[in-house]
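Biologist: Could you walk me through this one? I'd like to start with the metal site and then move on to a helix.

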Amino acid sequence: MPEGDTVFHTAANLRNALVGKTLTRCDIRVPRYATVDLIGNTVDEVISRGKHLFIRVGAASIHSHLKMDGSWRVGAKGTPQRQAHKIRIILETADIQALGIDLGVLEILDRDNDMDAVAHLGPDLLGDDWDPERAAANLTQDPDRPIAQALLDQRNLAGVGNVYANELCFLFGRLPISPVSSLTDPLRTVKQAQKMLWANRTRTNRTTTGNSRRGQELWVYGRAGEPCRRCGTPISRDEDTERVTYWCPSCQR
Ligand SMILES: [Zn+2]
């Protein structure tokens with residue numbers, strides 16, 4: 001699942017590829033927007049807020065969210081299109097093609113009001129306005145709420161996905177289902193979250209352990225049955241209807 005760092009990275013790619021260029025093709029495969037035509041307009045800005053992306057073109061803003069499986073692929077024009085049936089939008093300039101694939105949200109907003117779509121978000125971990133005190137206060141406002149759930153709630157702080165939620169619980173010695181009130185220092189937790197996302201914002205091989213070698217990148221996520229890197233106990237895994245969680249039964253309480 002894409003996390004804030006993936007979205008930040010995607011925004012940087014789109015920015016490098018599109019900003020300052022004029023659209024020569026704009027093909028939106030969402031019935032509601034099928035008639036929107038942005039050809040001839042210049043791409044001014046690409047912005048990420050939490051896990052939301054905005055491509056500002058003329059008076060419009062193309063708002064997308066990757067949700068579970070979405071991605072943006074940038075390449076030279078004429079690159080063969082795989083997964084053609086999953087393409088939701090095609091943007092082209094004289095030399096570049098950007099494909100929005102399987103996007104969870106794709107809508108065309110009025111540029112002047114596009115930030116309304118993210119007004120509900122808590123402090124953005126990778127934003128200029130990152131505010132750890134407010135994020136920590138949001139995180140703990142409902143003391144009984146499970147830590148992983150509170151970390152994933154983008155209204156508390158924006159950018160944490162399931163990988164980071166699980167990794168943070170390990171680092172702070174708490175189970176994903178433990179209440180947020182059991183965190184001894186919530187401010188430290190949100191600062192650590194920010195540090196992790198920031199360190200990974202330009203990487204493609206995400207690491208929370210500081211080791212980017214294959215198979216060494218993460219503490220618990222995706223490691224069910226493998227030995228805990230601290231104590232050797234096999235990592236546990238559980239899956240409810242919404243999310244999968246991983247934890248060390250010895251290190252986490
Ligand atoms: Zn352990």
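Modeller: Bear in mind that this is a predicted model. The site of the zinc ion is tetrahedral, with angles of 101 to 113° among its four donor atoms.

Biologist: Which protein donors does the zinc ion have, and how far from it do they lie?

Modeller: The donors are the SG atoms of C228, C231, C248 and C251, and they lie 2.2 to 2.4 Å from the zinc ion. Along the chain these donors follow the spacing C-x2-C-x16-C-x2-C.

Biologist: What does the pair C231 and C251 tie together?

Modeller: C231 sits in the loop between helix 5 (186-200) and strand 9 (236-239), while C251 is in the segment after strand 10 (244-247), so the pair ties together parts that are 20 residues apart in sequence.

Biologist: And how accessible are C231 and C251?

Modeller: C231 is partly exposed, with a relative accessible area of 39%, and C251 also counts as partly exposed, at 25% relative accessibility.

Biologist: Switching to helix 5, which of its residues are buried?

Modeller: The buried residues of helix 5 are T189, V190, A193, Q194, M196, L197 and N200. Seen down the helix axis, they fall within an arc of 160°, so they line one face of helix 5.

Biologist: Why would residues a few places apart point the same way?

Modeller: An α-helix has 3.6 residues a turn, so residues three or four places apart point the same way.

Biologist: What do the buried residues of helix 5 pack against, and which exposed residues are on the face turned away?

Modeller: The buried residues pack against helix 1 (4-18), helix 2 (132-139) and helix 4 (162-171), whereas the face turned away from the buried side of helix 5 carries the exposed residues R188 and K195.

Key:
Residues are numbered from 1 along each chain as its sequence is written. This is a predicted model: local features need pLDDT of at least 70, side-chain atom pairs count only at pLDDT 80 or more; totals for chains, interfaces and linings use all residues. Side-chain values use heavy atoms; hydrogens and water are left out. Donors are N, O and S atoms within 2.8 Å of the metal (3.2 Å for Na, K and Ca); water is not among the atoms, so sites may look incomplete. Four donors count as tetrahedral if all angles lie between 85 and 135 degrees; four count as square planar and six as octahedral if opposite donors are over 155 degrees apart and all others between 65 and 115; anything else is irregular. Helices (H or I, at least four residues) and strands (E, at least two) are DSSP runs, numbered from the N terminus. Buried means under 20% relative accessible area, exposed over 50%, partly exposed in between (1.4 Å probe, protein chains only). The arc is that of the directions from the helix axis to the C-beta atoms. Contact means heavy atoms within 4.5 Å.
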